[in-house]
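Visitor: I am new to protein structures. Could you show me how to read one, step by step?

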Amino acid sequence: GLLQGTKRFLHRYSRLALLTERAVRRTAWLQSLGARIGLLGAPAATVQQAGKNVTVPEELSVFADSPSARADTALEVSARLLARVRSRCASMAFLVPPNEAVYPPGVPRARLYQRTPMVGDADRGRLRFRTLCARAALRCVDPTDRFIQAADSLAKDSQLLVFPDDGHWNEKGHRVASSILAEVIRKEMTDAAATGCREIKRRVD
């Protein structure tokens, strides 16, 4: 029909249409709407439920209430990779706090940066990652609370931990992360040194 022909033409020749579709697919409710009215051409299988009946794109289906077989495989592979990392003497995994958890809608610090959680639950990603780390017997460093504290402090001066256009850490965000990592590494080195001294003393005795 005319609509389908117009869609094919725009997809083939319009850069703006492509960018618009990508933006829509990054927003759960817009993707759901686009799929229902046929503008995105997305089959129903690409939309899954994750808490409070919020729809999520297929690439985020690992966060769905009932992960598909493919999502289960992705989680299993991730757990095995983390276990392999641990076997190579890595002592921890550092979780990058999701911006939806640091700047959730409605809090004062989110005035300059607002993002709606794509899976309806800002903590779901954190919990899944921590579960994977536990399965791999790998320590998970979750700095979300520290990031929230820093975000609250910076908000008083209308400053952010992230670039407002793409959500990546800015200089301040990297500074918070490096400070946390330095504390963790310093403590591990201190503990390792103490353990080594005790082992040497045991051998001498």
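Guide: Happy to. This is a predicted model. Let us begin with contacts along the chain: among those between residues at least 6 apart in sequence, 59% join residues at least 24 apart.

Visitor: How many helices and strands does the protein chain have?

Guide: The secondary structure comes to 8 helices and 4 strands. Reading from the N terminus, the order is α-α-α-β-β-α-β-α-α-β-α-α.

Visitor: Thanks! And how should I describe two helices that pack together?

Guide: Two packed helices are described by the angle and the distance between their axes. Take α4 (residues 69–87) and α6 (residues 124–135): their axes come within 8 Å and cross at roughly 50°. The crossing of α4 past α6 is right-handed.

Visitor: Which residues in α4 and α6 meet?

Guide: From α4 come L75, E76, S78, A79 and L82, and they meet L132, C133 and R135 in α6. The residues of this contact divide into 5 nonpolar, 1 polar and 2 charged.

Visitor: What about the inside of the protein?

Guide: Buried residues make up 31% of the 205 residues in the chain. The largest nonpolar core has 17 residues, and V102, Y103, F147, L161, V162, V176 and I180 touch the most other members. Two or more residues of this core come from each of α7 (144–155) and α8 (171–204). Apart from it lies another core of 8 residues, including A79, L132, A136 and L138.

Key:
Residues numbered from 1 in each chain as written. Predicted model: local features only at pLDDT ≥ 70, side-chain atom pairs only at ≥ 80, totals over all residues. Heavy atoms only, no water. Axes fitted to C-alpha atoms, helices over the stretch in contact; angles between N-to-C directions. Left-handed = near helix turned anticlockwise from the far one by under 90°. Contact = heavy atoms within 4.5 Å. Nonpolar A, V, L, I, M, F, W, Y, C, P; charged D, E, K, R; others polar. Core = buried A, V, L, I, M, F, W, Y, C linked by side-chain atoms within 4.5 Å. Buried < 20%, exposed > 50% of the residue type's maximum accessible area, 1.4 Å probe, protein only.
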